[in-house]
Amino acid sequence: MTGTTPSDRRPADGSPVARVCVDVALPHLDRPFDYLVPAGLADDAVPGVRVKVRFAGQLVDGWLLERVDSSTHDGRLAYLEKVVSPEPVLAPEVARLARAVADRYAGNLADVLRLAVPPRHARVEKEPRADPAPAVTDPAGDGPTPPPGDGPAPRAGDGLDPPGAAGVAPPGVAGVDPRGWRDYPAGPALLTALADGRAPRAVWSALAGEDWAARYADAVAATLAGGRGAVVVVADARDLDRLDAALTALLGPGRHVTLSAALGPARRYRAFLAARRGDVPVVIGTRAAMFAPVDRLGLVAIWDDGDDLHAEPRAPYPHAREVLLTRARLADAAALVGGWTRTAEGQLLVETGWAREVVADRATLRARTPAIAPTGDDPQLARDPGAATARLPSLAWTTARDTLRADAPVLVQVPRRGYLPSVSCADCRTPARCPYCAGPLALRAADAPPACRWCGRVTAAYACPQCGGRRLRAAVTGARRTAEELGRAFPGVPVRTSGRDEVLAAVPGGAALVIATPGAEPVADGGYGAVLLLDSWALLTRADLRAGEEALRRWLSAAALARPAPAGGKVVVVADGALAPVQALLRWDPGWFAARELAERRELGFPPAVKMASVTGGADAVADLLAQTRLPDGAEVLGPVPADEDRERMLVRVPRSRAAALAGALHTAAGVRSARRAAEPVRLQVDPLSLF
């Protein structure tokens, strides 16, 4: 840390004015402030470093954005107090991205920079610098692949036209085996475009059983062959481990780093510095990596963009998909949005022509997918009338039995974790509620007394307030109770559980029952012989705009782990086959469902067909902010609706073309309230993940 004393301060000779983003989370102060650079700090005070400045009489942190020759401020400028570190941690490209993200989400630049740049770890900065990763070498050439030449801005989907009538795939990319992408007509062309330094934008729907991590590694390797870097974001640690292994196997060690909040301060900052210094050309990680600095960025990619873990819970609440797509636009980079399913947002990219879809043909699809059957359609109900209400209908039971007899594992997906997460009176069916806080009662084990899921208090002597009954019955069955019941139904068969307490990464290929909650399904050696999707009502009846989309995402994620139908793989979904999400599962056609979902939302005026912002706070505070907001033409104010006991929520809806105007108006109104020191806070969210 370097600084100067007031007695020896004089302005630097060249570019003496520093524009600083001060780390103050007040909307009315969301702008750069000018400071003089002391001559003693002229060498260290470069754009991107952390600094200390005097602001409102206090010493506060900031980021130096740029050095200029003069200031537009008429008054006297204060000097920079200190350069915290000469390390320029904020890359110019990331600074531009952070400003764009703050504007899009009606937030402050300082809030976004806190997400983009991890906290400093001084000891890590002093460590010897690692050797840079070697350049990608083209075996057919004489040396490293040169960077792409300067040319016109890339077109959306450039280079994704399928091969010609003869079906000849484009030439292979150095170091990349294109055979993994040949199940998708546009796949090899995608790799070729990346290797040529172009910027294709693609929405990819993966086939069942696809090694998605290997396909992403192929895309990254092709990008490196084109002389550019890549950023890939996944939802959780399990996906990150798979992608890490795939990249290491293809590129070798030392070519990429992982960024995740779970790494700890030192490891995370070490990985961040390796990327910022240009020592590695590839960064992968969870949403912490969406702002990762990469030289000559050529590809941004996200896997499973429908997972809610991609949504940042801290202000201004950006979504990793939207941040990466903004990066692609600003950096003229390629973009790859992939998953087992397709979100409405992904479908909008396809329908507007911003991206091309990368999908398999129907013949390949039929060969790769398992046989999928519902239990609630008319033929099944005719054979088993109880299937309409049974938790494990005969079709599901016989499928599991036959699969286990064939010495293959069976995956059972249960939406709810725990033992009995909800119980009711056995006599009158009234839901059992806590007598202290009215929260739902649950049983944590067969011999455990009922306890409240909200306040945790035990109600051993529970009596129904309606009929006085003391016996309880299951209203919702969790994963642990399901494992217990199936263990009794199939004695001698190993039963494994995977959920919040212990998430399994993989299981052997022999006969076994694997009970997992959504997102915790382990991979089976050789694939599962059968997958049972239970309690579909728990997913489909959620009071959420994305209930059907989320149900299909979870079902496809589990069904993708089954063996293909020619190898005996089966999937049984306990649901009515006439429902749209079930139809999409039966046909393995997430694109059809996404198009249908987007059309319905467009008709009803819901995101992503329109832009929405939520304003949450006390009733008076919400009314005050909206009164200060100069809403753009065509804006509709919906609500209020209760958010919790003390707060309400208002929604503002505008056409997509007015999104920037809405965000700017809300940010300006928030600035008016913060300038007059309004006591009650209001939370602003643009494109909230949930509207209800």
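This dialogue walks through how to read several features of a predicted model.

Trainee: Which conventions apply before I read any value here?

Mentor: This is a predicted model, in which local features need pLDDT of at least 70 and side-chain atom pairs count only at pLDDT 80 or more, whereas totals for chains, interfaces and linings use all residues. Residues are numbered from 1 along each chain as its sequence is written, and side-chain values use heavy atoms, with hydrogens and water left out.

Trainee: How many helices and strands does the protein have, and what share of its residues is buried?

Mentor: Helices (H or I, at least four residues) and strands (E, at least two) are DSSP runs, numbered from the N terminus, and the protein has 19 helices and 29 strands. Buried means under 20% relative accessible area, exposed means over 50%, and partly exposed lies in between, with a 1.4 Å probe and protein chains only; of the 692 residues, 54% are buried. Contact means heavy atoms within 4.5 Å, and among contacts between residues at least 6 apart in sequence, 73% join residues at least 24 apart.

Trainee: What is the strand order in the open sheet of six strands?

Mentor: Strands of a sheet pair through backbone hydrogen bonds, either parallel or antiparallel. Two strands are taken to pair if DSSP finds at least two bridges between them. Here the order is 14-25-24-15-22-20, with parallel pairing. Strand 14 (371-374) and strand 20 (495-498) stand at the edges with a single partner strand each, so one side of each is left without a neighbour in the sheet. On average, neighbouring strands of this sheet are turned by 15° against each other, direction ignored; axes are lines fitted to C-alpha atoms, for helices over the stretch in contact, and angles run from 0 to 180 degrees between N-to-C directions.

Trainee: How many bridges join strand 24 to strand 25, and which helix packs on the sheet touching both of them?

Mentor: Strand 24 (residues 530-533) and strand 25 (residues 570-573) run parallel and are joined by four bridges, with L532 standing opposite V572 in strand 25. Helix 16 (residues 580-587) packs on the sheet and touches strand 14, strand 24 and strand 25, its direction making about 155° with that of strand 14. Helix 13 (residues 479-489) lies across strand 15 (409-413), strand 20 and strand 22 (512-516), and runs at about 165° to strand 22.

Trainee: What is the order of the open sheet of four strands?

Mentor: That order is 27-28-26-29, with antiparallel pairing. The edge strands, strand 27 (636-642) and strand 29, each pair on one side only, and the twist averages 20° from one strand to the next. Inside this sheet, seven bridges join strand 26 (residues 611-617) to strand 28 (residues 648-654), running antiparallel, and A613 has V652 as its bridge partner in strand 28.

Trainee: Which way do the residues of strand 9 point?

Mentor: From strand 9 (residues 256-259), H256 and T258 point one way and V257 and L259 the other way, and all are buried. Strand 9 pairs in the parallel sense with strand 10 (residues 282-285) over four bridges, and H256 stands opposite V282 in strand 10.

Trainee: Is S557 buried or exposed, and where is it found?

Mentor: S557 is found in helix 15 (residues 547-559) and counts as buried because its relative accessibility is 16%. A polar atom of the S557 side chain lies 2.8 Å from the backbone oxygen of R553.

Trainee: Where does L309 lie, and which residues does it touch?

Mentor: L309 lies in the loop between strand 11 (297-303) and helix 8, and is partly exposed with a relative accessible area of 39%. Not counting residues up to four places away in sequence, L309 touches A235, D236 and R287. L309 and T286 are 23 residues apart in sequence and 8.6 Å apart in space, C-alpha to C-alpha.

Trainee: Which residues lie nearest the centre of the second largest pocket?

Mentor: Rolling a probe the size of a water molecule over the atoms shows where empty space is left. On a 1 Å grid over the protein atoms alone, a cavity is a set of points where a 1.4 Å probe fits but cannot get out, and a pocket is an open set with protein on both sides within 12 Å along at least five of seven lines, while lining residues have an atom within 4 Å of a point. The second largest pocket is lined by 35 residues, of which R104, E322, K611, R656 and D687 lie nearest its centre, and helix 8 gives the largest share of that lining, five residues.

How values were computed. A polar contact is a pair of N or O atoms within 3.5 Å; within protein, one must be able to donate a hydrogen and the other to accept it, and residues adjacent in sequence count only if both atoms are side-chain atoms.
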